[in-house]
Amino acid sequence: MDNYKNNADQLLYDFGLLNELNNYGTPYIVGSYAMDLMVWNDLDIYVSNKTMSTEKLYKLTSFILNTFHPVWYEAKKDVIDGNAAWFHGFETEVLDELCNVDIWFFDNDTITKALDFSKSIKQKLLVNPELKEIVINIKQSLIANEQYGFDKFSSMDVYTAVFEDNVRSYKGFTEKYGDR
């Protein structure tokens, strides 16, 4: 697990991603990295910025392409819940293993909700530390059984199961939520 966070740190700091994102707004590292629940090379970053534009999208695209040489890349403008959102997603092998990075430019309310959610999960883990291992074990089992990721179960599904539905194992998870 530490290896995944170390890889993320290399992308953020050694390759300069976080520094570059500061040119576009205020970046917030969210998701499994922020909650210390990483089980694969997947980094989620939200950036608060009301002035994102197509020109800035192209500039950030250039940085990503030149720095990370992605094997997959997508950038787009979207509308989510009536608000403009900009997305940059890529997969890179610059660390000799596949790493996924998702960067979203969101409104402050969306970012605040994500940060509050992360904070609540971290608080629950402080109160009940054994839940961290349960979350990680369920995620790892989902990955091993090819049930984790796009069009399959997500981290949010696992968090809901563990923290709201009191699921405590992969078997309990699949019994409650089925197979995808």
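Author: Helix H4 is followed by His69, whose phi is positive, near 45°; helices here are DSSP runs (H or I) of at least four residues, numbered from the N terminus. This is a predicted model, in which local features need pLDDT of at least 70 and side-chain atom pairs count only at pLDDT 80 or more, while totals for chains, interfaces and linings use all residues. Residues are numbered from 1 along each chain as its sequence is written, and side-chain values use heavy atoms, with hydrogens and water left out.

Reader: How do you know that the span of H4 agrees with its 15 residues?

Author: The expected span is 1.5 Å times one less than the number of residues, so H4 should span 21 Å, and its end C-alpha atoms are 20 Å apart, which agrees.

Reader: Why is Val71 called exposed?

Author: Exposed means over 50% relative accessible area, buried under 20%, and partly exposed in between (1.4 Å probe, protein chains only); Val71 has 52% relative accessibility, and therefore counts as exposed.

Reader: What makes Asp36 and Lys5 a salt bridge?

Author: The term requires a side-chain nitrogen of Lys or Arg within 4 Å of a carboxyl oxygen of Asp or Glu, and the side chains of Asp36 and Lys5 meet at 3.9 Å, N to O. Because Asp36 lies in the loop between helix H3 and strand E2 (strands are DSSP E runs of at least two residues) and Lys5 lies in helix H1, the pair ties together parts that are 31 residues apart in sequence.

Reader: Why is Lys5 called partly exposed?

Author: Its relative accessibility is 24%, so Lys5 counts as partly exposed.
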